[in-house]
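Here is a short briefing to read with the model open beside you. Take it one topic at a time.

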Amino acid sequence: MKNYIVIYFLLIIGNVVAQTNLTENLYRSYEFFKEHSITGRTVKHGEVEKLIGGLKNNGKFNVKELGKSLEGRTIYLVSIGNGPVNVLAWSQMHGDEPTATQALFDIFNFFSDENQFAELKKYMLSKLTLHFIPMLNPDGAERFTRRNALSIDLNRDAARNQFPEAQILKSVRDSLNPQFGFNLHDQNSRYSAGNSHRTATISFLAPAYNYEKDINDVRKNTMSVIVRLTSELNKIIPGHIARYNDDFEPRAFGDNFVKWGTSSVLIESGGWANDPDKQFIRKLNFIALIDAFNIIASEDYKCVDYTKYFAIPENDKLIFNLLLRNLSVSFNGKKYIVDISVNREEQFDNHAGKIYYKGIIDDLGDLSIFYGNEEIDCKGMEIFPGKTFPEIFETVEELKSSDIPGLLRQGYTSVKIKNIELHKKFTDIPLNIVSANKNIDHGLTVENNANFFVKENGEIRFIIVNGFLIDLKTNSGQITNALVFE
Ligand SMILES: [Zn+2]
């Protein structure tokens with residue numbers, strides 16, 4: 001009996017040594033491991049390939065070419081460790097979801113490093129063999145689209161398994177038979193953690209493997225890892241962690257991984273205030289994955305009450321990018337009170353190779369059950385459609401040298417220009433640019449481009465151009481980009 005107690009005590013000590021303050025330590029040391037060559041909202045295959053080249057020359061990693069995408073881009077498997085438990089993480093199955101791909105390269109730097117966390121890494125790599133597919137959908141990444149080159153959502157091709165990218169993932173799973181999987185995605189910044197104004201910064205899912213949503217050991221272990229990860233991440237982003245809808249999707253990979261015997265954790269990178277490029281959320285991915293490897297290596301998940309999974313708030317879509325409440329609007333001499341919500345949709349300009357935003361009026365009316373990333377109570381204020389400046393500018397240069405803040409103060413949200421540069425879809429100038437022979441509709445209607453202003457006591461207080469708001473009283477706010485209408 002005594003021996004058992006001693007052994008049990010040693011096991012606990014072992015776990016404690018491996019885990020004490022790991023989350024905090026990773027948080028503090030992250031910058032040291034960050035792969036600075038990839039950043040922002042787009043990661044292309046060329047960038048991945050360049051970094052993979054470095055890993056090939058690094059004796060610690062085993063790099064394998066798994067096959068090619070529809071358009072012939074190579075998909076890689078990077079492995080490290082020699083433990084008996086296989087873990088497989090894959091990113092960017094959806095081409096416009098690059099946050100975790102960046103985090104995987106931070107993790108490779110973490111394992112390349114010789115000095116920091118040496119004991120922990122030795123321990124984890126003796127228990128686990130870690131396998132990574134950074135960027136499963138390189139053709140989608142090239143276009144910044146969710147889907148592959150044939151416009152197929154690869155996460156609906158697990159069952160039929162026709163497309164090369166999906167076949168690669170399935171065959172890696174079958175050959176490694178990993179005990180744990182990490183299915184790494186992005187969701188937009190408008191999801192909330194439960195019925196709250198808090199964004200769902202990280203959302204987890206323990207996918208179901210049947211319509212009944214039964215819980216077998218494979219799914220139970222997924223839930224247990226998520227429960228542990230939630231308590232770790234709550235140290236950094238309390239209240240910003242959510243649980244994704246677990247309706248069974250027979251065509252999705254996560255659901256099928258669980259069916260095939262791999263405890264598969266879905267991680268969605270959502271939104272965080274003032275982090276449009278999701279670089280803070282990338283850091284959270286780095287921390288969450290290393291925490292997860294530690295939780296699996298130490299078998300810490302086995303001591304967890306998996307039912308706590310259901311206490312994580314649900315991933316709800318209750319947030320708009322901008323929500324103005326209690327505005328007064330006039331129609332035929334009568335006044336009505338409305339709320340207005342605006343979302344800024346990410347667009348990819350192929351020609352410029354850049355992300356820009358398109359601000360859309362999402363809804364009008366009683367929006368009292370919703371929240372905004374940015375929210376203003378406009379009680380007593382009146383809303384009006386934006387205006388096009390009546391004179392035509394010859395060139396963009398002429399516009400640039402004019403009094404742009406003065407135009408905004410008068411409620412102008414668009415200007416006309418005779419000679420617009422071809423192929424431009426957006427502009428850094430805080431006014432929409434319209435070609436001389438074109439007119440754009442500034443109507444305050446749902447799905448229209450969001451250009452309007454708000455008056456307080458007869459003066460323009462807020463001007464909204466392409467969904468971005470400037471407070472003219474405090475001179476705060478920024479119009480990241482306006483649109484070009486050729
Ligand atoms: Zn996705």
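Phe180, Phe182, Leu184 and Asp186 point to one side of strand β5, while Gly181, Asn183 and His185 point to the other, and all of them are buried. Buried here means that 20 or more other C-beta atoms lie within 10 Å of the residue's own; exposed means 12 or fewer, partly exposed is in between, and C-beta atoms are placed from the backbone. This is a predicted model, where local features need pLDDT of at least 70, side-chain atom pairs count only at pLDDT 80 or more, and totals for chains, interfaces and linings use all residues. Residues are numbered from 1 along each chain as its sequence is written.

**Strand β5 and its partners**
- Seven of the seven residues of β5 (residues 180-186) are buried, so the strand is largely enclosed by the rest of the structure.
- Helices (H or I, at least four residues) and strands (E, at least two) are DSSP runs, numbered from the N terminus.
- β5 pairs in the parallel sense with strand β3 (residues 85-91) over five bridges, where pairing requires that DSSP finds at least two bridges between the strands.
- In that pairing, serine 91 is opposite leucine 184 of β5.
- Strand β9 (residues 263-269) also pairs with β5 in the parallel sense, over seven bridges, and there phenylalanine 180 stands opposite serine 263.

**Helix α5**
- In helix α5 (residues 118-127), the buried residues are Leu120, Lys121, Met124 and Lys127.
- Viewed down the axis of α5, these buried residues fall within an arc of 135°, so they line one face of the helix; the arc is that of the directions from the helix axis to the C-beta atoms.
- Ala118, Glu119 and Lys122 are exposed on the other side of α5.

**Whole chain**
- The protein chain has 12 helices and 23 strands.
- Its radius of gyration, taken over C-alpha atoms, is 25 Å, close to the 23 Å that the globule rule (2.2 Å times the number of residues to the power 0.38) gives for 486 residues, so the chain is as compact as a globular protein of that length.
- Of the 486 residues in the protein chain, 45% are buried.

**Two domains**
- An automatic or database domain assignment divides the protein chain into domain 1 (18-316) and domain 2 (319-485).
- The C-alpha centres of domain 1 and domain 2 are 37 Å apart.
- Across the boundary, 12 residues of domain 1 are in contact with nine residues of domain 2, contact meaning C-beta atoms, placed from the backbone, within 7 Å.

Note on methods. Contact = placed C-beta atoms within 7 Å.
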